[in-house]
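These are my notebook entries on one protein model. I set down what I looked up, entry by entry.

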Amino acid sequence: MQKDRKLIIAGNWKMNKTAAEGLALVNDLKLELANVKEVDIVVCPPFTALCEVSRAILNSNIRLGAQNMSEHSSGAYTGEIAAGMLKEFSVRYVILGHSERRQYQKETDALIAKKALAAHAAAIRPIVCVGETLAERESGQTEKVLDTQVRGSLAGLSKQQMEETILAYEPVWAIGTGKTATAAQAQEAHAFIRKLVGTLFDETVARRVRIQYGGSVKASNARELMGLPDVDGALVGGASLEPRSFADIIKNSI
Ligand code: PGA
């Protein structure tokens, strides 16, 4: 199904794959996906594999993303990685505010907003993640949580920057659990987020911004999810670690 917005499907490898393993994976993906033009394809390896993967995908249709970055541009921040360092490896996208970082590294909406601005300043497109937990959904808080996260994590972005930001709706209860949101649940959340972007920015931005779905996306459910009116791609964890399953998600989405 063709939409005005080009689909963007990104593989979030999380803390998996050495540089050598990552190289083998993208070499297979290059062959599998060589003819795909309809979808923006992104892989997000760990920092330690960026250099190798970057070289391997040069002159291919696969783009590079990172999984996190610092809100600072340089300085005494031991263990952190700045946007300028990512640029060196032709990183085009960066996942920000993934629920695992919100949970384990206690990242806040305010911090994520700072990182998003820093990414844009370096011409890297942020993929900003939002999503409710199971307890929040069951207590009827989904829209309230999404409202807070979207407002907070995108605070300070210009309209132009917002248009170039990717949002990822990832219900926390669907991540790595095998439980996918139903088509109706996904569409409802995506439509809510798009409407909110319209309120916070404007209608044109809302119409153009791409919103990925994430949470147990696999080849068997990709077609239905990607066909939903407000779903413009996927952020794929587990199923992005094997060339066949990631390639099939992309092929089934076209
Ligand atoms: P999953 O992870 O596809 O393994 O559920 C998605 C994500 O966390 O981005």
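**Entry 1: Gln212.** I located Gln212 in strand β7, residues 210-214; strands here are DSSP runs of E with at least two residues, helices are runs of H or I with at least four, and both are numbered from the N terminus. The model is predicted: local features need pLDDT of at least 70, side-chain atom pairs count only at pLDDT 80 or more, and totals for chains, interfaces and linings use all residues. Residues are numbered from 1 along each chain as its sequence is written, and side-chain values use heavy atoms, with hydrogens and water left out.

I then listed its contacts (heavy atoms within 4.5 Å). Setting aside residues up to four places away in sequence, Gln212 touches Ile8, Ile9, Ala10, Ile127, Ile166, Leu167, Ala168, Tyr169, His190, Gly233, Ala234 and Leu235.

**Entry 2: Val205.** I found Val205 in helix α10, residues 203-208. Val205 has a relative accessible area of 1% and is therefore buried. Beyond residues up to four places away in sequence, Val205 touches Lys159, Met162, Glu163 and Val197. I also took the separation of Val205 from Asn59: the two are 146 residues apart along the chain, and their C-alpha atoms are separated by 30 Å.

**Entry 3: Val26.** Val26 belongs to helix α1. I noted a relative accessible area of 0%, so Val26 is buried. Apart from neighbours within four places in sequence, Val26 is in contact with Trp13, Val43, Val53, Ala56, Ile57 and Ile62. Between Val26 and Leu241 I read 215 residues in sequence, and 9.9 Å in space from C-alpha to C-alpha.

**Entry 4: α1 against α12.** Two packed helices are described by the angle between their axes and the distance between the axes. For α1 (residues 19-33) and α12 (residues 243-253), I recorded an angle of about 35 degrees and axes 9 Å apart. The axes are lines fitted to C-alpha atoms, for helices over the stretch in contact, and angles run from 0 to 180 degrees between N-to-C directions.

Which residues make the contact? From α1 they are Leu25, Asp28, Leu29, Glu32 and Leu33, and from α12 they are Pro243, Arg244, Phe246, Ala247, Ile250 and Lys251.

**Entry 5: positive phi.** Lys17 is not a glycine, yet has a positive phi of about 85 degrees. I placed Lys17 in the loop between β1 (7-12) and α1, and at 24% relative accessibility Lys17 counts as partly exposed. Ala123, also not a glycine, has a positive phi of about 60 degrees. Ala123 lies in the loop between α5 (109-121) and β5 (125-130), and at 56% relative accessibility Ala123 counts as exposed.

**Entry 6: whole protein.** I counted twelve helices and eight strands. Of the 254 residues, 52% count as buried. The C-alpha trace spans about 45 × 45 × 35 Å along its principal axes. Among contacts with a separation of 6 or more, residues 24 or more positions apart account for 75%.

Key
Buried < 20%, exposed > 50% of the residue type's maximum accessible area, 1.4 Å probe, protein only.
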